[in-house]
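Here's a quick walk through one chain. Have a look at the model first, then read on.

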Amino acid sequence: MSSGNEQQLPTKAELAEMDRDQLVALGGQLDGVELAEYPDPWPVKGTRAEKRAERAIALWFTLAGFSGLAFLIVMIWWPWQYQPPGESTAHFWYSLYTPMLGVTLGVSILAFAFGIVLYTKKFIPHEVAVQQRDDNMGAGSAQVHRETFAAHLADAGNRSTFARRSAIKRSAGFGVGMLGLGAAVLPLVGFIKNPHANDASEDSLYHTGWKPEHPGEKVFIRRNTGDPHEVVLVRPEDLEAGAMETVFPFKESERHDEEALIEAFIRVDNPVMLIRLRPEDAAKVVKREGQESFNYGDFYAYSKICTHVGCPASLYEQRTQRVLCPCHQSQFDLLQYAKPIFGPATRALPQLPITVDPETGHLIAKHDFIEPIGPAFWERKS
Ligand code: FES
């Protein structure tokens, strides 16, 4: 503001007396703004075109609200637990859970954005203003500028006619409300679906498919031949020294259960690396405290799920006896109970205790892992 303008500033008392139109005019004058055009978007009130525009905007906001509501319903009530493919439609509905979350939230945000853009185009006056550039060199705004600015904002709000368009106001409130509610409920969903409700369940984060169905049941080590119906078990002589194979659990109780046979391959916490160390490497192994009996001779079995963020860590380097995770290059030393020696992972790969079934000669798991596999979670203790 030039010093010339400063001299013409109204006093505090004069400012307090001014109505909003006068403040708007004063603000423009002080800022050197000249309004070349300031047309009312709807000079004739209540036309059909105006009502049509209002309805279209309300429709977008309503759509945003209903999509937000659908997002909430999907998040809480849609069947989200894994269902194996089969004859029933359960797998189909389960597989739609994530897409439905994306579609409902996406449509809600998009519809709300369309409503706002349309409102701006149809009801906000499109003025043409010319302003002289001014720079107060970093000094704060004087009270008169603050008040005239606030008056400008209020005037813009008034001219947008938002306050008297109840259909748009209500639908926008509905849209914002549903979107806001979705954002608020999101962090609470973890409390509604408690993953630790039953820690003894096979589906709990503390158990894997290596857990026997009933006490005393043997869990065999199974090959993946590419055919989920074919059950091929592993004997120690099937693996050469220095070899690694990815294996899966098999229980006799599941032999004729097609879904269970398939699920054993696709359940994410099931894959295990079965490694037969060369005798010279096996002689150097440092075992983890409390897990000294988890190996069977030169055979060691470790979870394939990286303890960083859960990628399959399956690049086995026989020369250095390391397992590499391709995602972020963590390396695990097989000569030291698969503890991480490079990269972002901080915990050793969990070891599966194995032995040979004296009746059949096949390799079996002695029991489930004794710690959760994969990445950390809040309640994890190891
Ligand atoms: S997931 Fe393995 S290093 Fe990140």
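Where is Tyr-337 found? Tyr-337 sits in the loop between strand 9 (331–333) and strand 10 (339–342). Keep in mind that this is a predicted model.

Tyr-337 isn't a glycine, yet its phi is positive, at about 45 degrees. Is Tyr-337 buried or exposed? The call here is buried, because Tyr-337 has 22 C-beta neighbours inside 10 Å and the cut-off for buried is 20 or more.

Ala-338 belongs to the loop between strand 9 and strand 10 too. Ala-338 is another non-glycine with a positive phi, about 55 degrees in this case. With 25 other C-beta atoms within 10 Å, Ala-338 counts as buried.

## Two domains

Stepping back to the whole chain, it splits into domain 1, covering 3–192, and domain 2, covering 219–365. Going by C-alpha atoms, the centres of domain 1 and domain 2 are 56 Å apart.

Six strands make up an open sheet, and they run in the order 6-5-4-3-12-11 with antiparallel pairing. Strand 6 (299–303) and strand 11 (354–356) are the edges, each pairing on one side only. From one strand to the next, the twist averages 40 degrees.

Now zoom in on one pairing within that order. Strand 4 (residues 243–251) and strand 5 (residues 272–276) are antiparallel partners, joined over five bridges. If you want a spot to check on screen, find Glu-245, which stands opposite Leu-274 in strand 5.

How values were computed:
Residues numbered from 1 in each chain as written. Predicted model: local features only at pLDDT ≥ 70, side-chain atom pairs only at ≥ 80, totals over all residues. Domains from an automatic or database assignment. Pairing = 2+ DSSP bridges. Helix = DSSP H or I, 4+ residues; strand = E, 2+ residues; numbered from the N terminus. Axes fitted to C-alpha atoms, helices over the stretch in contact; angles between N-to-C directions. Buried ≥ 20, exposed ≤ 12 C-beta atoms within 10 Å, placed from the backbone.
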